[in-house]
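Me: Could you take a close look at the ligand site for me, and tell me which side chains meet the ligand? I'd enjoy a connected walk through it.

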Amino acid sequence: MKELLLAIRQKAEAELAATCDEATLEEARVRYLGKKGELTAVLRGMGKLTPEERPAVGQLANEVRETIEGLIAERKAALQAVALEKKLKEEKIDVTAPGKKIAVGERHPLAKVEEELCTIFTSMGFDIVEGPEVEYDHYNFEKLNIPKDHPARDTQDTFYITENILLRSQTSPVQVRTMEVQKPPIRIISPGRVYRSDAVDATHSPVFHQLEGLVVDKGITMGDLKGMLEYFAKQLFGADTKLRLRPHHFPFTEPSAEVDVSCFVCGGKGCRVCKGEGWIEILGAGMVHPNVLRGCGIDPEVYSGFAFGLGIERIVMRKYNIDDMRLLYENDLRFLKQF
Ligand code: PHE
């Protein structure tokens, strides 16, 4: 029996030393020390020994078990160290290597200017409201004092979805939608897309952007409109900017004006940007027509207000000296990256 134990030890020593991964090692452990293992089988046979033989064989058997257990632990530690070494080598990263560049987009010049406009107006206490692009004839025209057959409709021909539903031709319907649900004091702006069935050229697009403004309260005058617009123009184009109001006609404001700013390139002397005029038209404005106030349930004897509407494309083009509107919609990165 002793020989058998010694032979097992010898065999185990050789075999364990040759294992090269933890799974094989575990398999070997089961084969030697497990319930059905070789060593366990020998120990079971000890019953057949004489009482004199038993202590010596028992001691040797324990020694063999301890040796094998020790070898397994040692081997296990060695294999784990090798595995760790390998993993560290494989997962090594070079922190000095150049990183992968993430392509970050940029805001479109239209979006940038819209944001700038909103910032100027919100700093004056205006709230921003939105209105639908698919609009009722009722809001886009009727309630703005533009009945069916009014000639003003011809200049704002748009796309009809049904006879009474259309793509809004201006942001002015938001004035009406606001006054219907909000009682004065009202101080809002509303930027957004508008549509007209215009052919595309350097200064026209069937889709463009406007920003509407509306102030209604007791005692609002044309002076308030002019003062507010002057402050706005100086914020946008610089402190030297001057303002000029020319009489105009809009059905939903009375009196109405077209508003020019002094050319921010030449300061009024006349240049390529202002086409020699010294002035640049930026918006339409006026005092809210009593019919419009009344139609929204606001008494024009008690309240008055002003409204204005500006074309965002026009401001972008003037600001960045862009001479063709189509460039804003072509998504050519060489163009867009310049802003
Ligand atoms: N809605 C007008 C347009 O598109 C502009 C405007 C707005 C004029 C508000 C006066 C008051 O031409």
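This is a predicted model: local features need pLDDT of at least 70, side-chain atom pairs count only at pLDDT 80 or more; totals for chains, interfaces and linings use all residues.

**Around the ligand**

Reply: Happy to! Residues are numbered from 1 along each chain as its sequence is written, and side-chain values use heavy atoms, with hydrogens and water left out.

On the oxygen side, a ligand oxygen atom is 3.0 Å from a side-chain N or O atom of Arg 196. Of the ligand's own exposed surface, 330 Å² when taken alone, the protein buries 91% (accessible areas come from the Shrake-Rupley method with a 1.4 Å probe; for residues, only the protein chains shown count as cover).

Stepping back to the whole shell, 15 residues surround the ligand, where near means that one of a residue's heavy atoms lies within 4 Å of a molecule or strand. Gln 170, Ser 172 and Arg 196 are among the closest, and so are Gln 210 and Glu 212. By class, the shell holds five nonpolar, eight polar and two charged residues (Ala, Val, Leu, Ile, Met, Phe, Trp, Tyr, Cys and Pro count as nonpolar, Asp, Glu, Lys and Arg as charged, and the others, Gly among them, as polar).

Which elements supply these residues? Strands β5 (207-217), β8 (279-288) and β9 (304-311) each give two or more, and β9 gives the most, with three. Helices (H or I, at least four residues) and strands (E, at least two) are DSSP runs, numbered from the N terminus.

While you have the model open, look at two backbone features as well. Pro 184 and Pro 185 are joined by a cis peptide bond with omega of about 5°, and Pro 185 sits in the loop between α8 (173-181) and β4 (186-195). The bond from Glu 254 to Pro 255 is cis too, with omega near -5°, and Pro 255 lies in strand β7 (residues 253-262). Most peptide bonds are trans.

How values were computed
A polar contact is a pair of N or O atoms within 3.5 Å; within protein, one must be able to donate a hydrogen and the other to accept it, and residues adjacent in sequence count only if both atoms are side-chain atoms.
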